[in-house]
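Morning, everyone. I have one structure to go through today, so please look at the screen.

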Amino acid sequence: MNSDIPLKILFLAADPSDASRLRLLQELRDIKERLRIAKEPGKFQLEQQESLRVGDITQAIFDVEPRIIHFSGHGTNQGELYFENELGQIQSVEADALAAMFELLVEQVNCVLLNACYSEIQAKAIAKHIPYVIGMNDSLGDKAAIAFAVGFYKALAANRGVEEAYKFGCVEIQLQGIPEHLKPVLYVKKNS
């Protein structure tokens, strides 16, 4: 990768009005701060799409052409992720649907981070196509979700790879004294 071209990260956030409120803007602010103080200024370009509707997903990806996609929001124990409909209310998307989309993005996307409860089911499905996918194997509190994101991007900003950044994200949860450090899971695509 050409070092003059910034690594593009797309932060997608959905917090439907009929779901419990999340601190997504706090998570975004903390990620921005970690990338701002990166070892190599200008190495990262963070774009964001908030109040994400299902129809916005592919358009945001086409517009930004990210290498890393970070979704922050709600997930269900059936493996669905919540996006928003036109009224700002829950519209769920099943794992197979997102996996089908990511199958079309294998040449572009290197890492997907699903910072949402029960997103492990989605992560497994997406990992059939994308090299690195992180999901959560249970419900996850806001503090743990934000701590994981901070640790992950702090490590990326220090020129660590995705696998090591994942470990630093888990450690950041532990350092904050939050007992949820085993909830993030990393899937690495096997080369066939």
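Contact here means heavy atoms within 4.5 Å. This is a predicted model, where local features need pLDDT of at least 70, side-chain atom pairs count only at pLDDT 80 or more, and totals for chains, interfaces and linings use all residues. Residues are numbered from 1 along each chain as its sequence is written, and side-chain values use heavy atoms, with hydrogens and water left out.

Start with glutamate 80. Leaving aside residues up to four places away in sequence, glutamate 80 touches His74, Gly75, Ser92, Val93, Glu94 and Gln122. Its place is in the loop between strand S3 (68-73) and strand S4 (81-84); strands are DSSP runs of E, at least two residues, numbered from the N terminus, and helices are runs of H or I, at least four.

Is glutamate 80 buried or exposed? It is buried, meaning under 20% relative accessible area with a 1.4 Å probe, protein chains only.

A cavity is a set of points on a 1 Å grid over the protein atoms alone where a 1.4 Å probe fits but cannot get out, and lining residues have an atom within 4 Å of a point. The largest cavity has 13 lining residues, with Leu12, Ile69, Phe71, Phe102 and Leu114 nearest its centre. Helix H2 (54-64), S3, helix H3 (95-103) and strand S6 (111-116) each give two or more residues to that lining.

Methods
Buried < 20%, exposed > 50% of the residue type's maximum accessible area, 1.4 Å probe, protein only. Lys, Arg positive; Asp, Glu negative; His and termini not counted. Salt bridge = Lys/Arg side-chain N within 4 Å of Asp/Glu carboxyl O. 1 Å grid on protein atoms, 1.4 Å probe; cavity = no way out; pocket = protein on both sides within 12 Å on 5 of 7 lines; lining within 4 Å.
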